[in-house]
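Let's take a friendly walk through this structure. Here it is for you to explore alongside the text.

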Amino acid sequence: MNRKSIFSLVLLLALPLLAQALPAPIKSGARLRKFGKRVVRPVRMPRSKPEKFTRWEMSSLTANRELRLNSRGFKERDITSYTGARLKATGKTTSRRINKVEKQSAQANKTALARLRTFADLAAVEKKSNEALMRDAFRFRKKVFEVQISDNGRHTASAFAINVNGHVWGVTAAHVMKNISSDPFIKIKNGSEVVLLAPIQRWHIGNKKGNDVAIFEIPQEVLTHIEVLSPASELPAAGIETQSPAFVRGNYTFLPSEDVLFAGPHRIFLRDQLLHDASGYCGSPVLVDGKVAGLHTWVHPLERIQTSEWISLLHQNNLSLKIPLHEAMPIQRVLQLIEEVENPQNSGGTMLKVSGHPVHLLTSQEHLVSITHMRNGRIQKNLNAHPFMDFEHLEEFFELQENDVVRVTLESPKPYSQKVITRLFDINVSTGEITQIDR
């Protein structure tokens with residue numbers, strides 16, 4: 001073998017070693033190597049301290065898993081920290097980039113720390129608020145109690161007591177009392193322990209469609225376990241916050257804040273931003289400054305609020321709702337029923353009027369169904385009764401002409417019977433003549 005052949009053989013054997021020692025050139029469109037599911041671009045490594053690096057690096061193999069390398073060096077947005085030795089080996093340009101990113105990272109850490117402190121402050125405020133809420137819930141605990149069927153715990157609901165002219169009455173919703181009226185009991189609990197079960201001997205029920213109120217006699221032994229409330233003298237103003245303790249499915253709960261949206265002589269509408277559903281609160285008091293302003297009776301779901309009829313009513317009263325609407329009877333409706341029971345001869349009711357003509361004194365047991373505008377014997381417009389309706393000015397809902405007739409339809413209880421009588425009152429708006437038809 002001659003000298004030239006030997007040199008060629010040595011050069012052939014040395015080429016792989018030489019290729020490993022020299023850095024790989026970076027070319028546009030260089031082929032990428034795949035590591036598992038990740039693609040890594042080849043990197044030209046610095047000549048100083050080459051033993052610190054390999055020709056191929058990926059973020060999963062570095063101390064910082066967020067570090068990624070490409071042909072142009074480091075990506076500032078991906079770098080959060082770097083070791084001193086590696087920083088020294090990367091050169092001045094990369095050092096400036098890393099310093100910039102580290103500065104941004106420090107600012108981000110500072111912001112995160114400020115947020116943590118804010119969260120800590122919020123948590124402290126929330127804790128303090130929760131402690132105040134727990135104190136209020138405990139303080140309101142005796143303002144409400146349970147009513148139920150018999151002593152087996154079925155159909156439990158909320159009730160409360162008010163003092164009217166020195167006489168204490170129990171109050172709940174009419175539909176609640178109808179459900180338990182076969183054998184009603186008052187239940188007093190201390191935590192989960194039942195302290196007292198007392199039967200209700202005498203009660204009175206309003207019309208649940210129009211005046212969803214029920215009152216009942218409270219046994220003397222119950223009075224030592226409950227707090228008797230006082231009725232508010234006026235309707236709550238719109239925007240006032242109210243509180244409501246209640247027993248929901250047998251468990252004591254507390255509604256710390258409801259906003260009054262509308263308060264009229266026949267209905268109060270409330271909204272709670274936190275508790276979107278107040279189901280089970282029927283029979284509980286609506287409290288303003290510790291006094292009873294109303295009685296929870298119903299929750300109107302979104303499906304009903306979003307109907308064309310309700311949308312128009314809400315818009316007329318400048319109300320826009322996207323959560324369930326809570327309905328309450330004003331405490332004045334409770335006082336009306338108490339007055340009718342205590343003084344049946346001089347009981348006050350709601351006078352229905354058309355064009356100043358008195359039509360009928362609506363009692364707590366009666367319900368206004370609808371009003372109808374008639375002209376020459378033909379129906380011009382029919383309007384169902386709704387909570388915003390002013391019963392003393394029923395003519396305001398129609399465009400009346402001379403000798404037009406307004407028909408008022410209402411339901412009255414039949415004496416000594418569970419049935420109802422439908423009564424029609426036709427009022428001539430010009431003469432005030434009234435024709436009554438009972439069906």
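## About the model

This model is predicted: local features need pLDDT of at least 70, side-chain atom pairs count only at pLDDT 80 or more, and totals for chains, interfaces and linings use all residues. Residues are numbered from 1 along each chain as its sequence is written, and side-chain values use heavy atoms, without hydrogens and water.

## The largest pocket

A pocket here is an open set of points on a 1 Å grid over the protein atoms alone, where a 1.4 Å probe fits, with protein on both sides within 12 Å along at least five of seven lines; lining residues have an atom within 4 Å of a point. The largest one has a volume of about 720 Å³, the volume being the space filled by probe spheres set on the points.

Its lining counts 23 residues, and Lys178, Ile205, Gly206, Gln365 and Pro413 lie nearest the centre. Strand E22 gives the most to this lining, with three residues; strands are DSSP runs of at least two residues, numbered from the N terminus.

## The second largest pocket

This pocket holds about 580 Å³ of space. It is lined by 26 residues, with Lys209, Arg267, Arg304, Glu327 and His367 closest to its centre.

## Strand E5

E5 runs antiparallel to strand E8 (residues 184-190), joined by four bridges; strands pair if DSSP finds at least two bridges between them. Within this pair, Ile149 stands opposite Pro184 in E8.
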